[in-house]
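Subject: A structure for you to look at

Hi there,

Here is the structure I promised to pass on. Please open it beside this email, and then read on for what turned up.

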Amino acid sequence: MLKVEKRNGSIVDFENEKIEIAITKAMKETEEGADENLAREIAEAIREEFKTDEMVNIEQIQDLVEVYLMKSRPDVARKYIIYREERTRLREQGWDMTDLQRDIYEKKYRWNNESFDEFLDRVSGGNGPIKKGIKDKKFMPAGRILAGRGLDKHGRKITLSNCYVMPKVEDNIESIFDTAKYLARTYSYGGGCGLTLSKLRPKGAKVNNAANTTTGAVSFMDLYSLVTGLIGMRGRRGALMLNLDVNHPDIEDFINVKNDLEKVNYANISVNIDDKFMEAVEADEEYDLYFKVEATGEEIIKKVRAKDLFRTLAKNNWNMAEPGILYQDKINSWHLMSEDEDFEFAGVNPCAEETLPPFGSCNLASINLSEFVKNPFTEYGRFEFEKFGEMVRNGVIYLNEVLDENMKLHPLKQQREMSRDLRQIGLGIMGMADMFIKLKIRYGSSESLSLIHQIGRTMVNEALRQSALLAKEYGPFPRYKAEAVLNSPFLLSNVDEDVMELIKEYGLRNSQLLTIPPTGSISTLIGCSNGVEPIFQVSYTRKSESLFDEDTYYKVFTPIIKEYMDANNITKEEDLPEFIITTSNLDYRERIDVQATWQQYIDASISSTVNVPNEFTIEEVEDLYIYAWKKGIKGVTIYRDGCARSGILITDKSKSKLDRIDELQTELNALAAEQLIIDPDTCPMCGGSLQHSGGCSECQDCGYSPCSI
């Protein structure tokens with residue numbers, strides 16, 4: 001069998017088909033079009049040329065292809081040569097990138113001047129289909145993997161997991177400060193954390209120490225926020241989610257804590273809401289806030305009017321962009337482990353797409369849906385389900401490879417043990433809004449929801465299929481209980497019959513498979529829309545400070561809009577079709593419909609920010625919350641344009657430039673020490689505008705994101 005030595009030194013079998021495909025692609029770019037018979041003849045002739053050899057180099061094959069094409073189809077030869085040159089440039093320099101994309105790649109993810117091909121080899125770990133998927137912008141690992149994979153060989157202490165959740169803080173001083181220690185260690189490795197405070201006794205409860213009574217659960221929020229500022233933000237990786245149950249007696253203080261602009265500046269906050277509370281809101285009934293102190297037996301009960309508490313929650317989210325809402329009963333009931341009595345979630349990660357047990361963690365990657373559209377922007381556009389399914393299976397294989405490699409890299413022993421026992425991975429999607437535009441479908445329409453159902457059903461079944469096949473080869477995850485998993489409502493509602501048979505026979509390699517993170521930096525890197533969000537805006541204004549003596553402002557179109565305009569010879573923004581909508585003109589119920597449709601097929605959760613206009617009312621926020629609860633999503637927050645928090649500034653950034661990145665560490669250390677207030681609309685690195693979507697935010701100028709995705 002003739003072997004081929006590839007550029008990276010790997011050895012593969014000679015395959016005529018690959019030569020035929022490459023020639024046919026080049027032919028399709030010419031006026032005369034493809035001649036499959038000729039492509040086949042050339043491939044056979046090249047094999048004949050090397051019939052006496054045992055090994056041939058890939059460059060030799062491609063040189064010979066050029067020779068044969070010059071003899072028979074010079075027009076195709078020119079296209080083929082250009083294609084080779086483009087691939088050479090891609091291997092060495094990477095994709096064509098804007099300044100922003102290049103900045104993200106160079107400053108966040110490229111290691112030690114590695115070539116683009118070396119970057120792909122490092123990140124893919126030698127997984128060929130994944131390397132190709134990344135190169136083709138169809139697949140992208142999350143930021144921790146891009147930035148850290150393979151660097152442990154160079155002595156770097158860095159985790160490949162974006163997401164961690166700590167155990168619920170126990171109601172004693174040892175647990176409170178052990179948790180701070182766990183956070184600090186995890187931040188130092190680059191992970192973001194989630195933390196639930198609901199076990200801490202409320203303010204005024206008796207304690208058996210010199211203080212007589214406790215200052216309450218809320219009083220410890222600043223401790224954990226300060227740890228995040230001092231440890232995490234120095235490395236641009238600190239991210240913390242604090243949450244509290246809605247029936248905790250300190251819930252009103254928790255909801256209002258960020259109204260004090262000197263409190264909890266380095267954490268997101270969310271409220272865990274149960275169905276009982278929402279039912280009380282709808283019925284306008286009283287609701288019990290209750291806590292029993294295990295150490296003393298003291299019971300603390302407060303009665304509140306559910307609607308009043310609900311209004312306070314809505315008003316704060318409307319005014320200060322926090323807290324978000326987590327629908328606890330949906331979270332607990334809609335996943336593969338829901339029927340396992342020994343399993344319990346401890347909280348969610350900073351962007352709320354990962355519901356995790358104590359010391360749980362997750363490796364993330366996302367598939368770019370927009371790259372699976374055939375014949376984009378035309379009446380013949382269609383989604384390539386078969387290729388997408390293949391990418392899902394390859395993604396599950398890849399994330400299991402990363403999980404195994406990362407097993408020894410987690411900061412804490414308990415995290416390593418939990419990763420081994422549950423093997424949680426998080427494969428997600430991005431580029432959905434771009435996909436809709438390529439297919440000429442309006443985001444939020446019935447047609448868009450129908451397509452999500454088809455894609456989601458394909459995604460969950462192919463992920464389950466591959467996890468079962470991995471279980472066949474390596475065994476199921478150690479805490480797998482067949483009776484529990486096979487009876488989970490999530491599985492029973494989504495699984496196809498043939499996939500169910502595989503699971504019954506082999507089990508599953510992973511206790512969790514799918515999630516939808518915000519994908520802020522990675523979607524910007526490859527120029528697609530993020531997560532499940534609509535496009536943020538058609539165009540935006542960018543400022544140039546370096547080309548002219550004075551500031552110059554110019555319009556930049558969102559990448560998919562520029563593609564559409566070029567494909568349809570449109571030059572004016574006002575000539576865009578009505579099916580292209582943005583966060584500013586999308587009905588919030590349609591936005592929730594999209595998220596709810598996806599949640600049917602996602603066993604973890606979905607990072608979500610609903611952007612609403614300034615004139616959005618508190619009553620509309622309440623309606624959004626109720627509608628989201630009834631539609632069965634797991635969590636949501638809103639960001640109202642021009643809300644009160646957006647007016648809070650830390651300093652004048654008017655002179656900031658991208659080269660301020662080198663100064664970031666000193667500046668953030670000072671911020672952490674002084675506990676100053678961060679303006680959520682202004683980038684702390686360059687002073688640019690932060691866009692809020694997918695449960696996170698991203699600078700449109702330098703790519704900075706406070707999340708670790």
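Two residues are in contact when they have heavy atoms within 4.5 Å of each other. Among contacts in the protein chain between residues at least 6 apart in sequence, 73% link residues at least 24 apart.

Some ground rules: this is a predicted model, where local features need pLDDT of at least 70 and side-chain atom pairs count only at pLDDT 80 or more, while totals for chains, interfaces and linings use all residues. Residues are numbered from 1 along each chain as its sequence is written, and side-chain values use heavy atoms, with hydrogens and water left out.

The protein chain has 26 helices and 24 strands; these are DSSP runs numbered from the N terminus (helices are H or I, at least four residues; strands are E, at least two). Of its 709 residues, 58% count as buried, meaning under 20% relative accessible area, whereas exposed means over 50% and partly exposed lies in between (1.4 Å probe, protein chains only).

Now for the interior. A nonpolar core is a set of buried Ala, Val, Leu, Ile, Met, Phe, Trp, Tyr and Cys residues joined through side-chain atoms within 4.5 Å. The largest one has 170 residues, and Tyr 224, Met 432 and Trp 598 have the most contacts inside it. Helix H18 (residues 446-474) gives the largest share of this core, ten residues. Apart from it lies another core of 23 residues, among them Met 27, Leu 38, Ala 39 and Tyr 80.

Next, have a look at helix H2. Which residues of H2 are buried? They are Leu 38, Ala 39, Ile 42, Ala 43 and Ile 46.

Finally, a strand. In a regular strand the side chains alternate between the two faces of the sheet. Strand E9 (residues 286-292) has Tyr 287, Leu 289 and Phe 291 on its covered face, and Glu 286, Asp 288, Tyr 290 and Lys 292 on the uncovered one. E9 and strand E10 (residues 299-305) run antiparallel and are joined by seven bridges; two strands pair if DSSP finds at least two bridges between them. Phe 291 has Ile 300 as its bridge partner in E10.

Happy exploring!
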